[in-house]
Amino acid sequence: LMVDRSTSKVKIAGGRTILIDVCRRLEVNQSLKEVHKATADELKRFSKSTAPWPHGDRCTVFVWTGGRSMEYDGATTTSMGALSHELFHSWFGRGLKPMTQNDGWFDEAWDVWFADGGRHSANRLKGKTSPVRLHSSNPYNRVTTGRSYSYGSMFFSRLAKELGEKELMKLMAEFFDEYHETGATTAEMAQFLFAKSKNKNVPQLFHRYVYGKEGSVMDLKKK
């Protein structure tokens, strides 16, 4: 296994200094210096937009050219193309952890929308499309649906259309601050965003595009 390795330091929001430890497969086109810079840029971006780095004073990155990347608490094994996505999982996914497998959709969905820039144009959000189930009702489910990346990011685009992008990002940062030490469920996210935004359409968006249910959420409350 032919690799090289080096460390660097970056100062992030709040004045903290993080040690970046990079191990790179030699077939990776980018140099160690380029990997360090890209990692430092993302750590600064996410610590400013969401919260301080939630994993001590170290970030470990292993870069290769494989087609599969994975996040860990304060670390990642990744391709360069997925670096931003995997690093942001140290906030959503490995910082604020979904409480159950059925809640696992939201960290992938928010990561794609926020870190990967997976926004959707207003034209794609026009009209009332079919319900989408991202949250399984099966307590024995052990698989995060692949829809989390596509339909999940579209769900957050719908929320952004309703609340405004800046407001949604602000509320999600507050959600992180509230739940990153305990973990969170989908229901807690829905309740939090509704309570903070006071927007009556938020529960309906969860009802149709997360829980995959027809009709109005108000009809269920009347039963």
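**Pocket.** I started with the lining of the largest pocket, to which β4 (70–72) and α3 (105–114) each supply at least two residues. The model is a predicted one, where local features need pLDDT of at least 70 and side-chain atom pairs pLDDT 80 or more, while totals for chains, interfaces and linings use all residues. Numbering runs from 1 along each chain as its sequence is written, and side-chain values use heavy atoms, without hydrogens and water.

My note on terms: a pocket is an open set of points on a 1 Å grid over the protein atoms alone, with protein on both sides within 12 Å along at least five of seven lines; a cavity is a set where a 1.4 Å probe fits but cannot get out; lining residues have an atom within 4 Å of a point.

I found 13 lining residues for this pocket, with Glu71, Gln101, Gly104, Asp107 and Thr144 nearest its centre. The pocket holds about 270 Å³ of space.

**Cavity.** Next I looked up cavities of 30 Å³ or more and found one. Ser49, Thr50, Phe92, Trp110, Phe114, Met169, Met172 and Ala173 line the largest cavity. Helix α5 gives the largest share of that lining, three residues.

**Helix pair.** Then I turned to α5 (residues 165–179) and α6 (residues 186–197), whose axes come within 11 Å and cross at roughly 125°. The two helices are therefore oblique to each other (angles under 35 degrees count as roughly parallel, over 145 as roughly antiparallel, 65 to 115 as roughly perpendicular and the rest as oblique). In contact (heavy atoms within 4.5 Å), I noted Leu171 and Phe175 among the α5 residues, and Phe192 and Leu193 among those of α6.

How values were computed
Axes fitted to C-alpha atoms, helices over the stretch in contact; angles between N-to-C directions. Helix = DSSP H or I, 4+ residues; strand = E, 2+ residues; numbered from the N terminus. Points joined across faces, edges and corners; volume = space filled by probe spheres on them.
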